[in-house]
Amino acid sequence: MRSVPVWTLVSSGCAPVVLIMGWLMAASLQGPAYDPAAQTISVLAAPGNSGYWVMTAAFIALGVCHLLTAWGLRPAATAGRVALAAGGVSALTVALVPAPSSGGSLGHGSVAAVGFVLLAAWPVLAARTSGTVPWALRPLPALGATAVMALGAAWFLVELHQRGAAGAAERAVTTIQSVWPFVVVLSCFQRPARDRHPV
């Protein structure tokens, strides 16, 4: 019997799809006034904007995907599963506390920041040192994933502060954060090399 249910392939695989399709469709509805390189994803989910309902639905779907994946990802350490689930809750909260159509929002910014931290930290928190652990849950790959996500978040903050390519930076880091759970789940379905037998 597999330690990871097959449906986690669906929940983890759908996460980047709903996120990326969400921002592409919402930006299309928003029209040429929206600059995806400079403006954040949250702008698309601001009440009153044309793509509001699409981006809000994408955030909700993303949160549900992360919650389901965290539930099914049994080989991961408990701390990592909790952090991934909390990242899913953060995505749901972002949908409930949208950014205003103009200006900033302390509430929205705080929830988004917590989500970034949780989703960057979960890989290293999920790592295990057992010899039979899937490769993506081993300390070195997990630390590498967390480091890349942390660097991406730092890039986003710099671009946001300088009013530069914040949208591009945010899309890069959120894409990595949404893809990594799928990579981890895939690694759970690969047999360790010593368990493979020559044909």
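How many helices and how many strands are there in the chain? The count is seven helices and zero strands. Helices here are DSSP runs of H or I with at least four residues, strands are E runs of at least two, and both are numbered from the N terminus.

Before the close-ups, a word on the model. It's a predicted one, where local features need pLDDT of at least 70 and side-chain atom pairs count only at pLDDT 80 or more, while totals for chains, interfaces and linings use all residues. Residues are numbered from 1 along each chain as its sequence is written, and side-chain values use heavy atoms, with hydrogens and water left out.

**Figure 1. The whole chain, for orientation.**
Starting at the N terminus, the elements read α-α-α-α-α-α-α. The C-alpha atoms fill a box of roughly 60 × 30 × 30 Å along the principal axes. A compact globule of 199 residues would have a radius of gyration near 16 Å, and the chain, at 18 Å, agrees with that. That radius is taken over C-alpha atoms, and the globule rule is 2.2 Å times the number of residues to the power 0.38. Of the 199 residues, 43% are buried; buried means under 20% relative accessible area, exposed means over 50%, and partly exposed is in between (1.4 Å probe, protein chains only). Among contacts with a separation of 6 or more, 71% link residues 24 or more positions apart, a contact being heavy atoms within 4.5 Å.

**Figure 2. Surface and charges.**
As for charges, the mean positions of the 10 positive and the 4 negative ones sit 19 Å apart. Lys and Arg count as positive, Asp and Glu as negative, and His and the chain ends are not counted. Each charge is placed at NZ of Lys, CZ of Arg, CG of Asp or CD of Glu.

**Figure 3. S178 in helix α7.**
S178 belongs to helix α7, which covers residues 166–188. With a relative accessible area of 1%, S178 is buried. Its side chain reaches the backbone oxygen of T175 at 2.9 Å. That's a polar contact: a pair of N or O atoms within 3.5 Å, where within protein one must be able to donate a hydrogen and the other to accept it, and residues adjacent in sequence count only if both atoms are side-chain atoms. Setting aside neighbours within four places in sequence, S178 is in contact with S12, A15, P16, L19, L62 and H66.

**Figure 4. G13 in helix α1.**
G13 is part of helix α1, residues 7–30, and is buried at 19% relative accessible area. Although G13 and C65 are 52 residues apart along the chain, their C-alpha atoms are separated by 8.5 Å.

**Figure 5. G72 in helix α3.**
G72 lies in helix α3, buried with a relative accessible area of 0%. Beyond neighbours within four places in sequence, G72 is in contact with S3, V4, P5, W7, T8 and R81. From G72 to A83, 11 residues apart in sequence, the C-alpha to C-alpha distance is 14 Å.

**Figure 6. N49 in the loop between α2 and α3.**
Look for N49 in the loop that joins α2 (41–44) and α3 (52–72). The N49 side chain reaches the backbone oxygen of V43 at 2.6 Å. Leaving out residues up to four places away in sequence, N49 touches Q30, V43 and L44.

**Figure 7. V97 in the loop between α4 and α5.**
V97 sits in the loop between α4 (78–96) and α5 (106–126). Its 30% relative accessibility makes V97 partly exposed. V97 touches G107 and H108, not counting residues up to four places away in sequence. The C-alpha atoms of V97 and H108, 11 residues apart along the chain, are separated by 5.6 Å.

A153 is in helix α6, residues 139–161, and is buried at 17% relative accessible area. A153 and G109 are 44 residues apart in sequence and 13 Å apart in space, C-alpha to C-alpha. R163 is in the loop between α6 and α7, and is exposed with a relative accessible area of 80%. Phi of R163 is near 55 degrees, a positive value in a residue other than glycine.
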